Amino acid sequence: MERCNLLGARISRTSLSHACETVESWISNKQSDYVCACNVHMIMESYDNPALRAVINSAGLVTPDGMPVVWYMRRNGSPDQKRVCGPDLMPELLRKAERLGWRVGLHGGHPETLEKLQERLRSDYPALNVVYANSPPFRALTETEEIEIRNRINAAGVELLFVSLGCPKQEMWMSANKAHLSCVSIGVGAAFSFLAGTVKQAPVAMQRTGFEWLFRLVSEPKRLWHRYAKTNPRFMALVFFPFLRRQITD
């Protein structure tokens, strides 16, 4: 699949429907792989961390999550590129999983969030087969604990695993476990919290303008201010301002 290089991270030129079709193909062929939804935060984390960059670039699919990433891709060979974020990808795949009978797993999130998410899924997708749900401790796990989790996922026969551990933890986890799991893993970030209703998602209009980060910052200032203070100005300096200078001089 053709990709666009953005500060070393290679983003797939894909769409929501194409991403879902790709996942379906992997599951049909019993192929173990993982999907990263790449936004500005992940771009800058990978820019600073070669190990994370390698993990992203080794993913079977890297979707453009966030309008700045989409705008960059539109200016660099994909004029019709659309956003494909975790909170949009997850419901689409859940509908497909319910229809096709895939065995679904949920890994991550706070225990309260995971419980509310399962309640929501039972209501919205009554025929969905959720065979695994786990909220692991937020500390580093021992090797024994990691093996136990892998064994539980495989024993349950999970085919589609949604992972919500936050960036870069979920990407590193999916990569480290790809060879040990017989399923497709999707890193969905805050999608668990959005679907569970424990965190409010920005209005669609605000998402399209590229200011979703501001909505989230106002909603969760203590948790997110450091992230945005660190990543957004540097992204602007490295990507947006050089682009603006080229437009002015051309």
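**A left-handed crossing and an open sheet**

Hi everyone, let's start with two helices: α3 and α8 cross in a left-handed way, meaning that the near helix is turned anticlockwise from the far one by less than a right angle, whereas clockwise would be right-handed. Helices here are DSSP runs of H or I with at least four residues, strands are E runs of at least two, and both are numbered from the N terminus.

A word on the source: this is a predicted model, where local features need pLDDT of at least 70 and side-chain atom pairs count only at pLDDT 80 or more, while totals for chains, interfaces and linings use all residues. Residues are numbered from 1 along each chain as its sequence is written, and side-chain values use heavy atoms, leaving out hydrogens and water.

Back to our pair: the axes of α3 (residues 50–58) and α8 (residues 169–177) come within 10 Å and cross at roughly 60 degrees. Axes are lines fitted to C-alpha atoms, for helices over the stretch in contact, with angles from 0 to 180 degrees between N-to-C directions. Ala51, Leu52 and Val55 of α3 meet Glu171, Met172 and Ser175 of α8; contact means heavy atoms within 4.5 Å.

Now the sheet. Six strands make an open, parallel sheet, ordered β4-β3-β8-β7-β5-β6; strands pair if DSSP finds at least two bridges between them. At the edges, β4 (61–64) and β6 (129–134) each have a single partner strand, so one side of each has no neighbour in the sheet. Inside it, β3 (residues 33–38) and β8 (residues 184–187) pair in parallel over three bridges, and Asp33 has Val184 in β8 as its bridge partner.
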